[in-house]
Amino acid sequence: MSKRADYRAVLESLPPEQWVAYLNAESGLPGPRGNIELAQAFADVADPALIRLCAASQDEYLATCGAVGFGRLLADDEPHSAETLRELAADSRWRVREGVAMALQRLGDAKMASLWAVAAEWADGPPLVQRAIAAGICEPRLLGTPDDAVRALDVLDRITASVRGTDVQARRAEEFRVLRQGLGYCWSVAIAAAPAEGFGRLERWAASDDKDVRWIVRENLKKARLARADPAAAERVAEVLDGAGA
């Protein structure tokens with residue numbers, strides 16, 4: 001059995017009033033890595049009320065578990081789940097924000113059409129919300145069809161255009177840095193799923209006069225998946241980037 005399945009079995013064997021204590025005991029925190037497998041198991045089987053309670057917690061790990069669980073609530077069409085998850089996407093705690101990305105991927109596993117509906121609403125949101133949807137959709141297992149891969153590129157185009165339009169003062173904010181860092185790998189995931197379309201878009205962004213947009217292109221070119229997808233196309237984008245003064 002996988003760790004996730006093992007944790008799911010343990011949770012289901014415990015009375016509900018002991019779940020929070022078990023999550024805290026097995027969280028892996030403080031430490032370099034929170035227990036992701038337990039968070040996923042919790043999201044599989046927790047009662048919606050407990051998911052909401054954990055998501056509202058001041059405890060970072062409990063809130064992360066709750067955030068992941070909202071992916072299931074979204075897939076189950078629980079009222080107001082999208083609004084709550086969007087609020088969590090802007091949380092100051094990075095583990096909670098990672099839980100939101102996992103929740104979105106869980107939604108995509110269940111209902112890709114619903115994930116694209118969320119993406120359409122979030123792509124023009126504030127930076128942390130944009131980063132959440134970019135990270136959520138740029139997961140290889142979700143981009144197995146050409147249509148889904150191109151949809152991901154469309155979303156990344158919208159978000160990258162907003163980077164180009166960000167004023168100087170806003171670029172100094174931590175939220176902008178987090179978004180820029182996320183876009184520094186998300187493009188490579190989507191392009192690997194649709195190289196013919198994706199490299200053409202990245203090449204256009206490589207010619208931008210915006211230093212942060214060029215930084216995003218350069219970071220993606222460092223990812224081995226791009227060289228594997230089409231070495232000649234990756235080299236062509238690099239040449240355009242050099243010509244633009246990156």
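These are my notebook entries on what I looked up in this predicted model.

**Entry 1: the overall picture**

I began with the secondary structure and found 15 helices and zero strands. The radius of gyration is 19 Å, close to the 18 Å that the globule rule gives for 246 residues, so I noted the protein as being as compact as a globular protein of that length. I then looked up the extent of the C-alpha trace, which spans about 65 × 40 × 35 Å along its principal axes.

Next came the surface. The accessible area is about 11,300 Å², and carbon and sulfur atoms account for 52% of that. Buried residues make up 49% of the 246 residues. I also checked how the chain meets itself: among contacts between residues at least 6 apart in sequence, 68% join residues at least 24 apart.

**Entry 2: the nonpolar core**

Which residues have the most contacts inside the largest nonpolar core? I wrote down Phe42, Leu85, Val100, Leu104, Trp122 and Ile133, in a core of 78 residues. Helix α5, residues 60-75, gives the most to this core, with ten residues. As a reminder to myself, nonpolar side chains tend to be buried together in soluble globular proteins.

Setting aside residues up to four places away in sequence, Leu104 touches Leu85, Leu115, Val118, Trp122, Ala132, Ile133 and Gly136.

**Entry 3: a stop at Leu11**

Leu11 is in helix α1. Is Leu11 buried or exposed? I found a relative accessible area of 0%, so Leu11 is buried. Beyond the neighbours within four places in sequence, Leu11 is in contact with Trp19, Tyr22, Leu38, Ala41, Phe42 and Val45. Phe42 is a name I had already met among the core residues with the most contacts. I also looked up the spacing to Tyr22: eleven residues in sequence, and 8.2 Å in space from C-alpha to C-alpha.

**Entry 4: salt bridges**

Side chains of opposite charge can pair when their charged atoms come close. How many salt bridges does a search of the whole structure find? The search gives 23, and I followed a few of them.

My first stop was Asp44 with Arg8, where the closest N and O atoms are 2.6 Å apart. This pair links distant parts of the chain, with Asp44 in helix α3 (residues 36-45) and Arg8 in helix α1 (residues 3-13), 36 residues apart. Asp44 is partly exposed at 21% relative accessible area, and Arg8 is partly exposed at 27%.

Then I went to Asp77 and Lys111, whose closest N and O atoms are 3.2 Å apart. Here both partners sit in loops: Asp77 between α5 and α6, Lys111 between α7 and α8, 34 residues apart. Asp77 counts as exposed at 56% relative accessibility, while Lys111 is partly exposed at 29%.

I also looked at Asp157 and Arg201, which meet in a salt bridge at 2.7 Å, N to O. Asp157 lies in helix α10 (residues 146-164) and Arg201 in helix α12 (residues 195-206), so the pair ties together parts that are 44 residues apart in sequence. Why does Arg201 count as buried? Because its relative accessibility is 7%, and buried means under 20%.

My last note is on a group. Arg171, Arg180, Asp210, Lys211 and Asp212 are linked in a network of salt bridges.

Technical notes
Residues are numbered from 1 along each chain as its sequence is written. This is a predicted model: local features need pLDDT of at least 70, side-chain atom pairs count only at pLDDT 80 or more; totals for chains, interfaces and linings use all residues. Side-chain values use heavy atoms; hydrogens and water are left out. A nonpolar core is a set of buried Ala, Val, Leu, Ile, Met, Phe, Trp, Tyr and Cys residues joined through side-chain atoms within 4.5 Å. Buried means under 20% relative accessible area, exposed over 50%, partly exposed in between (1.4 Å probe, protein chains only). Helices (H or I, at least four residues) and strands (E, at least two) are DSSP runs, numbered from the N terminus. Contact means heavy atoms within 4.5 Å. A salt bridge is a side-chain nitrogen of Lys or Arg within 4 Å of a carboxyl oxygen of Asp or Glu. The radius of gyration is taken over C-alpha atoms; the globule rule is 2.2 Å times the number of residues to the power 0.38. Accessible areas come from the Shrake-Rupley method with a 1.4 Å probe; for residues, only the protein chains shown count as cover.
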